[in-house]
Amino acid sequence: MERGSFGSKVGIVLATAGSAVGLGNVWRFPYMTGENGGAAFILIYIGCILILGLPGMVSEFIIGRHAQANAARAYDKLSGGRPWKLVGYLGILTATIILGFYAVVAGWCLQYLYASVVGQLSGDAEYVKNYFVSFSSDALKPVLWGVGFVLLTHLVVVRGVRSGIEKASKLLMPILFILLVIIVIASCMLPGAIEGVRFLLMPDFSKVSSKMLLEALGQAFFSLSLGTAVLCTYASYFTKETNLLNSAGQIVVLDTAIAILAGLMIFPAAASVGVSPDSGPSLIFITLPNVFQQAFASFPFAGYFIGVMFYALLVFAALTSTISMHEIGTAFFTEEFNISRPKAACIITVVASVICVFCALSVGAYKELQLMGHPLMGFCDQLTANVMLPLGGMLTCLFVGWYVPKQVVRSEFTNNEQVSGRFFSIFLFAVRYVCPICIMLIFLHQLGVV
Ligand code: PHE
């Protein structure tokens with residue numbers, strides 16, 4: 001079994017954070033918040049992260065580190081052959097579908113990086129909006145950028161250059177963070193920005209609906225990379241010394257902080273330039289170029305530089321996430337079918353590229369590509385985030401809570417009693433009852449049963 005191929009062991013927790021932080025925070029979180037009315041959604045989102053996300057993440061860590069194997073085998077190994085490995089299969093399928101549509105958006109970011117370097121994004125708000133519409137409806141460009149992104153991910157996964165990526169992320173992630181803070185300040189200083197701040201901070205609970213609950217839950221899992229067995233696969237490379245609860249806590253705090261900053265960056269600017277918060281997936285693309293121009297109008301070079309840096313870092317953050325989605329399928333095929341890593345990686349790359357092509361076309365040149373009333377891209381997004389991820393997360397919690405022997409769970413949680421087990425009983429209660437029941441209720445509520 002080829003288990004050493006994952007970069008440096010030291011960087012593995014960093015790589016897990018890299019998987020979590022990505023377009024889910026900067027692109028998906030603002031547009032979901034915008035579509036769901038703002039502050040109330042954010043509060044429910046934070047609730048989902050803390051009550052369901054954190055225990056779910058620790059559960060996946062426990063399974064992965066204990067089993068030291070790819071997702072499907074890990075579930076199989078811990079359950080003594082019961083059909084739990086289907087949860088692993090479900091995770092691999094989910095991650096590959098996500099990779100397909102995620103690459104479309106990552107491709108948009110590549111195009112925006114290019115456009116900001118060559119200065120194509122300067123114009124008024126109307127121009128910025130039209131730029132997105134005309135680029136995304138091109139039959140070729142979004143497809144090429146998207147598939148290009150899958151291929152880039154493929155190269156990193158097979159070439160074993162990931163230790164370089166991990167080292168780079170140690171430097172680049174803090175820069176992304178600082179840049180976000182600068183853009184937040186710039187955005188909040190635009191005329192009329194206060195409306196956007198209000199949208200984010202003043203909850204209106206009359207807007208809470210079952211759809212909002214489900215979308216907050218789905219967004220929480222999407223953003224934490226939870227429910228796909230990505231965390232389980234990464235944890236299989238953790239060392240015995242990694243403190244699982246602490247690592248999960250740090251990742252959760254970092255991930256949530258970046259999402260909130262992204263919200264604070266987008267909505268004040270959107271209010272200022274008259275972009276509607278519920279503009280959907282195009283929201284950050286039709287808002288941000290305005291900030292780089294208008295907020296830095298007296299220092300155009302600073303605006304140019306910050307814009308280019310921002311898109312470059314966004315591409316990097318997206319790459320550390322797509323690597324994780326790709327890795328779990330690659331690890332699975334390599335270990336289960338005994339084929340070489342490059343061959344295994346090719347399978348994932350081909351499947352994800354096909355999904356990517358159809359998704360890109362469904363929101364661009366071929367809007368007829370629809371499934372159940374949604375463009376194929378929106379369908380894949382909703383199916384994975386609102387159904388497959390919560391389902392995977394719920395089954396994982398049930399598995400750890402009820403099927404894995406309690407001593408195994410405890411010894412992973414406490415590193416064989418080397419670190420504190422103070423929160424163990426709370427954790428066990430959460431994974432046995434709170435997480436499965438809450439997720440079930442949210443599902444049933446959405447279906448109109450309760
Ligand atoms: N968490 C990633 C992000 O926020 C997306 C992701 C989802 C990664 C599922 C892996 C698995 O961008």
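Biologist: Is Glu-336 buried, partly exposed or exposed in this predicted model?

Modeller: In this predicted model, the relative accessible area of Glu-336 is 31%. Buried requires under 20% and exposed requires over 50%. Glu-336 is therefore partly exposed.

Biologist: Which residue forms a salt bridge with Glu-336?

Modeller: The closest N and O atoms of the pair are 2.8 Å apart, and a salt bridge requires a distance within 4 Å. The partner of Glu-336 is Arg-73.

Biologist: How many residues apart in sequence are the parts that Arg-73 and Glu-336 tie together?

Modeller: Arg-73 belongs to helix α4, residues 71–79. Glu-336 belongs to helix α14, residues 300–337. The salt bridge between them therefore ties together parts whose separation in sequence is 263 residues.

Biologist: Which residue meets Glu-412 in a salt bridge, and in which helix does that residue lie?

Modeller: The side chain of Glu-412 meets that of Arg-65, with an N to O distance of 2.7 Å. Glu-412 is in helix α17, residues 406–413, and the two residues are 347 residues apart. Both Glu-412 and Arg-65 are buried. The partner is thus Arg-65, in helix α3 (residues 39–67).

Biologist: What share of the area that the ligand exposes when taken alone is buried by the protein?

Modeller: The ligand is surrounded by 16 residues, the closest being Ala-20, Gly-24, Tyr-102, Phe-222 and Ser-225. The space taken by the ligand is the largest cavity. Taken alone, the ligand exposes 330 Å², and the share buried by the protein is 100%.

Biologist: What is the distance from an oxygen atom of the ligand to an N or O atom in the side chain of Tyr-102?

Modeller: Several polar atoms of the protein lie within the 3.5 Å limit for a polar contact, including a polar backbone atom of Leu-23 at 3.2 Å from an oxygen atom of the ligand. A nitrogen atom of the ligand lies 2.8 Å from a backbone N or O atom of Phe-222. For the side chain of Tyr-102, the distance to a ligand oxygen is 2.5 Å.

Biologist: Which elements give two or more residues to the shell around the ligand?

Modeller: The shell consists of 16 residues. Elements giving two or more of them are α1 (12–20), α2 (23–35), α5 (85–117), α10 and α14.

Biologist: Where does Ser-225 lie, given its positive phi?

Modeller: Most residues other than glycine have a negative phi. Ser-225, however, has a phi near 60°, and Ala-229 has a positive phi of about 70°. Ser-225 is buried at a relative accessible area of 11%, as is Ala-229 at 2%. Ser-225 lies in the loop between α10 and α11 (230–235), and Ala-229 also lies in the loop between α10 and α11.

Biologist: Which residue has its backbone nitrogen 2.8 Å from a polar atom of the side chain of Glu-60?

Modeller: Glu-60 is found in helix α3. Its relative accessible area is 0%, so Glu-60 is buried. The backbone nitrogen at 2.8 Å from its side chain belongs to Gly-227.

Biologist: How far apart in space are Gly-18 and Ala-317, C-alpha to C-alpha?

Modeller: Gly-18 is found in helix α1 and is buried, with a relative accessible area of 7%. In sequence, Gly-18 and Ala-317 are 299 residues apart. In space, their C-alpha separation is 6.7 Å.

Terms used:
Residues are numbered from 1 along each chain as its sequence is written. This is a predicted model: local features need pLDDT of at least 70, side-chain atom pairs count only at pLDDT 80 or more; totals for chains, interfaces and linings use all residues. Side-chain values use heavy atoms; hydrogens and water are left out. Helices (H or I, at least four residues) and strands (E, at least two) are DSSP runs, numbered from the N terminus. Buried means under 20% relative accessible area, exposed over 50%, partly exposed in between (1.4 Å probe, protein chains only). A residue is near a molecule or strand if one of its heavy atoms lies within 4 Å of it. A polar contact is a pair of N or O atoms within 3.5 Å; within protein, one must be able to donate a hydrogen and the other to accept it, and residues adjacent in sequence count only if both atoms are side-chain atoms. Accessible areas come from the Shrake-Rupley method with a 1.4 Å probe; for residues, only the protein chains shown count as cover. On a 1 Å grid over the protein atoms alone, a cavity is a set of points where a 1.4 Å probe fits but cannot get out, and a pocket is an open set with protein on both sides within 12 Å along at least five of seven lines; lining residues have an atom within 4 Å of a point. A molecule sits in a cavity or pocket if more than half of its atoms lie within 2 Å of its grid points.
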